[in-house]
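This report goes through a set of chains one at a time, then turns to an interface and to model confidence. The sequence and structure come first.

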Amino acid sequence: MTASLQTAGGPDVPDAPLTPERRNAIITACVVGGAGCIGVAVPMVASFAPSEREKAAGGPVEVDVSSIAAGEMRIVEWQGKPVWVLHRSPAMIASLKNHDALLGDPDSKRNSNYPSPDYALKDPSTRSIKPEFFVAIGICTHLGCSPSGPFAPNENAQLGDQPGFFCPCHGSTFDMAGRVFKDKPAADNLQVPSYRFKSDSMIVIGEDQKKSA
Amino acid sequence: MGLHATQYKGLLGWIDARMPSLMTAFRTHMSEYYAPKNFNFWYFFGSFALMVLVIQLVSGILLAMHYKPDANLAFWSVEFIMREVHGGWFIRYMHSTGASFFFIAVYMHMFRGMLYGSYKKPRELVWLMGWLIFAALMAESFFGYLLPWGQMSFWGAQVIINLFDSIPLIGKWLSTWIRGDFVVGDATLNRFFSFHVVLVPLVLLGLVVGHIFALHDVGSNNPDGVEIKDRTDAKGRPLDGIPFHPYYTVHDLYGLGFFFTAYCAVLFFAPEMFGVFLEGNNFIPADPFQTPTHIAPLWYFTPYYSVLRATTSDFRLWIALAAVVLGVAVFTFMRARTRGVRYTVLAVMILAFVFAIVPKLQQDQRLWGVILMGLSVMVFALLPWLDQSPVRSIRYRPGWHKIVIGIFVVAFFVLGYLGMSPTTPTRTLVAQLCTAWYFAFFLLMPWWSRTGTFKPVPDRVTFAAH
Amino acid sequence: MKRTLFLVAAAAAMGTSLGLHAQEPRLDEWPRERATDLVALQNGARTFVNYCLSCHSANLMRWNRLNDIGLDDQQIKAKLIFGNQRVTDTMTVAMNPHDAKTWFGKAPPDLSVIVRARNTLEHVGTDYIYTLLRGFYRDRSTLTGWNNVVYPNISMPNILWERQGPREATLTRIEEKDIAPADGKGPTHRRLVQTVSQYDSNGVAAVTQTELDHGEPGIAYGFKPVDPAAAKAFDSQVADLVAFLNWMSEPEAQTRRRIGVWAIAFLVVFVGVGRWLNRVYWRDIH
């Protein structure tokens, strides 16, 4: 590389190589110029990020849960994704105990790929703020299809006598708290989005539960 | 083994052994391109223009990520970029300020050519390619200006495309074909977007490469107009030449600092430049039913726009007069190489006279206005042949040549200023006088440029160490 | 007496055909220091929402952008949004542009960039709008009962009339007119005519015309408010409103200038470094 930086010389120009002063000047110019280039690059790179319009469209969504009957599930759109709001019946809640041995990650220890908020994971068996309402992003953690369900016991061949959800693309199954069953293509539990109870009958998806709760 | 011999080491050597064209290009165009050592202030603007081209390409690509070329969405999408895209305002202002600075750099660059005779033999092709770049740049900014879809965008495009109507026989069909509709509309916007983002940038890039190659093939001129290749040393290197790299890379970097300072001062503190760079009227969404009271093109087009508006029905009289004078002068005095050239020019002058003044064949002033406006842009391309001065540089020409060029510059600025303002009878008269000087400067150049006492041109460049 | 009456009649006939010139009346200077005054901007936002937003939209402005002038989401939702809009929505209005055109003759323009849209080579948008909003006077002869010194025969009614309070207006116009001779025979001649129109606070006009021997064509106006203190308070409120409109036209203006200072400072350093680098090489050239 040094060959190119040296002057090729000329009649009026002695073949002066890179003197220390020249080298210092070049390095300083590169550092200062580089800082300038980074400064200019910052807004350019930032322009790729979601704009205010996208953020507004991806804003929180309110769902009135009082209108969802026990055992029913409503699907709403949030940030372009399907979010399940399932009103779990007592039978469904009861089904969440006693099958930890069948689950791939019963205590939601693997939380990094599809992170769910801490307040939702306080009770690892229900994975929700209130046991009656299960909120989850309805996207399979394998490769992104939307699983079908909820299925009652013995309603779906892959699930067998377990109630839960079944993803038709590659056969992963999840229980009524979105926990993935063992030996399935998916390795992570379904992601729970941030959400909070604005009142007993209204949840807001996309906003965090305040600490006091 | 098929590898080339290389003087370089390491990764560079590996590449050079397989693709020597890279380093050959570097040597030919940078480290062993011998440029005259006496470049002055006027010689910065070529590299400034190149820098602005890069800025426009980068900011343009980023804008195109968010802009919507639809008549209903365009205006809002630009404001969306300004307000809601992170850093969007900065990118938008980069592009709008860049457009104006591109023309500042290019006009200064062209003026250098006029001062030092850079277009004279053997650099005519460099000049012609440069003129094509200038024309492409005008097209690029014309197409680009429609995109924000403001009042000025819309009506400016409407007026300029309607100029094509005045072409005899095919005019009306042609302007409809260009627009894709009967008036400027969504169809026009979409195709102008395609031209502005893809077509003309590709053309510009090709022309710029050609321009630089053409220059490097013959070598750069200098403020003294001395041909440095006439005096070389034992190794064939010009005595007054220095390698472009590192001397001029470093020099241009220094100059760029000043240029960027001016550019950023405008971008951050006066992006509208009091309505000259970003016009107030363009913050009103385009309305096909309401023409603004005051349509003006952007400042870099205003001199030629002035010429268009100065061409009134009375002005045709002047055109006819000019045609007679030039016709006589050409026939009597012109020392063209071939008789063919003399007779062609004479024929053109006779036709001009006929179409300007002879009843029945007289063309209306709208067509003449378009012709003169077009000529006022094209005449620059003819400089290598109009300028018959025996010396290149203004430094060794008769002193009064400076006054002639000075008045031309003043006329150019006056025309530019008038083009931004509404017309009054007095202003039209002034514009006509300036137009007359403008064309006289060029068309009479074969005579005045070789008249007077020329100073002796030195053998070597004049240079003060700094 | 006969001559004056004749002139009035002639003017009435010819005045409409001549139309009103592009000569601008004097524009008041908007107090620039309010541009960055958060209190003024917030006050202006409130005025804007209360008076303007029913007819004029601001489609490019998102409610939560008002965070930039010191209002938080709670305040915006509680005090400024009258309706079901979310704080992340844009300031749209319910008025249909087609209806608006039928009712007013012209759809009320969107005000997101109005201040920039009124910048010309002759005046700045802030001064123009500041004078316009304070330039209404009662005029019985128009559709809305209001007229405006800056924009004659404006379609917009004087929305802020309650805050402006009643006042009298005097308009003086000097222009060249073709006057027919008194006896009706012979050619017209061009004279400088001064028309003074006096409007009382109910909009009834008294018009007098005189011929002048010398003078400059132009338009001048004056107002006499019934309550000068209220008028001053009104001026201040409009100044705040204009400050808000100015901010809304370019919300990032302050950020732009702030970053600009750093950019120029950096470039000064860069020029210094560039000069050093240039010199260490060019020292060798003789």
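## Chain A: contacts and overall form

In chain A, 51% of the contacts between residues at least 6 apart in sequence join residues at least 24 apart. The model is predicted, and every value in this report is to be read with that in mind.

Chain A contains four helices and nine strands. Read from the N terminus, its elements follow the order α-α-α-β-β-β-α-β-β-β-β-β-β. The radius of gyration of chain A is 28 Å, whereas the globule rule gives 17 Å for 213 residues; the value is well over the rule, so chain A is more spread out than a compact globule. The C-alpha trace of chain A spans about 95 × 40 × 30 Å along its principal axes. Buried residues make up 29% of the 213 residues of chain A.

Strands β8 (residues 195-199) and β9 (residues 202-205) of chain A run antiparallel and are joined by four bridges.

## Chain C: composition and extent

Chain C has nine helices and eight strands. Its radius of gyration is 26 Å, while a compact globule of 286 residues would have a value near 19 Å. Taken along the principal axes, the C-alpha atoms of chain C fill a box of roughly 90 × 70 × 40 Å.

Of the contacts in chain C with a separation of 6 or more, 70% are accounted for by residues 24 or more positions apart. The buried fraction of chain C is 31% of its 286 residues.

## Domains of chain C

How is chain C divided? The assignment gives domain 1, covering 2-251, and domain 2, covering 256-286. The C-alpha centres of domain 1 and domain 2 of chain C lie 49 Å apart. Helix α9 of chain C covers residues 253-282.

## Interface between chains B and C

How many residues of chain B are in contact with chain C? There are 29 on chain B, and they are in contact with 30 residues of chain C. On the chain B side, the elements that give two or more residues are α4 (74-83) and α10 (244-269) of chain B. The largest share comes from α10(B), with 14 residues.

By residue class, the side of chain B that touches chain C divides into 18 nonpolar, seven polar and four charged residues.

## Confidence

For the model as a whole, the scores are ipTM 0.89 and pTM 0.86. Chain C has a mean pLDDT of 86, and 92% of its residues reach 70 or more.

Where in chain C is confidence lowest, and where is it highest? The lowest mean, 42, belongs to helix α1 (residues 2-18) of chain C, and the highest, 96, to helix α9 (residues 253-282) of chain C. Over residues 3-22 of chain C, pLDDT stays under 50. For that stretch, the model has 19 contacts beyond four places in sequence.

Notes. Residues numbered from 1 in each chain as written. Chains lettered and ligands numbered in written order. Predicted model: local features only at pLDDT ≥ 70, side-chain atom pairs only at ≥ 80, totals over all residues. Contact = placed C-beta atoms within 7 Å. Nonpolar A, V, L, I, M, F, W, Y, C, P; charged D, E, K, R; others polar. Rg over C-alpha atoms; globule rule 2.2 N^0.38 Å. Buried ≥ 20, exposed ≤ 12 C-beta atoms within 10 Å, placed from the backbone. Pairing = 2+ DSSP bridges. pLDDT = per-residue confidence, 0-100. Domains from an automatic or database assignment.
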